[in-house]
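The entries follow the order in which I looked.

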Amino acid sequence: MSTLAHTMMTPARSTDSALSGPGELDRYPYAEAPVAADRVVAPVWEGADPELGRVGRRAAGSRGRGLHGQLVQQLGQMIVSGDLGADRPLVPEEIGQRFEVSRTVVRESLRVLEAKGLVSARPNVGTRVRPVSDWNLLDPDIIEWRAFGPQRDDQRRELSELRWTIEPLAARLAAGHGREDVQQRLGDMVEIMGHAFSQGDALTFSRADAEFHSLLIQVAGNRMLEHLSGIVSAALQVSGGPVTGCDRPNEASLAHHARIVEALAAGDGMGAETAMRQLLTVHPEVERVVPAPREH
């Protein structure tokens, strides 16, 4: 076993009895099995946010998530960034000591990461980081972590391509439903966006824009598309990278949104689809990732 691995693992083992208690980590389902010395690779925690080393002392509610959410966020970012590479063992005791959190917080955080496909827990093997091919890449948290990590360019390009596939179809399908209440709400969002644009209020503009696109997908009448509305919402919160008409508040963006609402009111599915494609087309000054709509 390497000196570093021995140094990091010994304290966790030596204090185990003192930290154990009824219902605590001694009953933790992700049991760590003995591993051959030549396979031991201790986690490199140096990439972590130093402040989160004191996560137990911070006021709960980072992004409204509390200690559990903070740890999920930190570990998730470390895995996605590659600081904790594939097949890296995650020892619960070490995590708890490094971030100064309880065993319950560690246990629940690893369960969340397992549900996202980032880690796996197996008897006699322990908890390990899974390869990218196993991740739930449509999970909004993973979308965010990838978008602000080393994979940011790929993530933003993929999101642009995915939106260009999903939203024009959703716009066409939504035109066939003719729900006046939804059309009114979409019109309200365009009005709010216009007012926010005139006031230079980018935050209000982006929130109204996100609700516009989410509502449009939900009213398309396709439950599988509706399930993807969270992806679009996550994409709209990711800044930088390839830019679409939704990423920069401008008059052209407002006009395209308004045309979509007009087409929906007229039951013009093809018109709504075309307007959405125009809205999502990448600006010419940015590397093009989707083709511009053809003129017929």
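Is Glu 100 buried, partly exposed or exposed? I found that Glu 100 is partly exposed, at a relative accessible area of 36%, where buried means under 20%, exposed over 50% and partly exposed in between, with a 1.4 Å probe and protein chains only.

Before going on, I noted that this is a predicted model, in which local features need pLDDT of at least 70 and side-chain atom pairs count only at pLDDT 80 or more, while totals for chains, interfaces and linings use all residues. Residues are numbered from 1 along each chain as its sequence is written, and side-chain values use heavy atoms, with hydrogens and water left out.

**Entry: two loops**

I placed Glu 100 in the loop between helix 4 (92-99) and helix 5, taking helices (H or I, at least four residues) and strands (E, at least two) as DSSP runs numbered from the N terminus. Most residues other than glycine have a negative phi. Glu 100 is not a glycine, yet its phi is positive, at about 55°. I then looked up Asn 124, also not a glycine, and read a positive phi of about 65°. Asn 124 is in the loop between strand 1 (119-122) and strand 2 (126-129), and it counts as exposed at 68% relative accessibility.

**Entry: helix 6**

Why is helix 6 described as largely enclosed by the rest of the structure? Seven of the eight residues of this helix (residues 140-147) are buried, so I wrote it down as largely enclosed. Among the buried ones I listed Ile 142, Ile 143 and Trp 145, and also the charged residues Asp 141, Glu 144 and Arg 146. The cover over the buried residues includes helix 3 (66-81), helix 5 (103-115), helix 7 (152-174) and helix 11 (229-236).

**Entry: charges over rings**

I looked for a charge over a ring, meaning NZ of Lys or CZ of Arg within 6 Å of the ring centre and within 35 degrees of the ring normal. The charged end of Arg 98 sits over the ring of Phe 99, 5.1 Å from its centre, and Arg 277 lies over the face of Trp 164, at 4.8 Å from the ring centre.

**Entry: the whole chain**

Finally, I recorded that the chain has 13 helices and two strands, and that buried residues make up 46% of its 296 residues.

How values were computed: Contact means heavy atoms within 4.5 Å.
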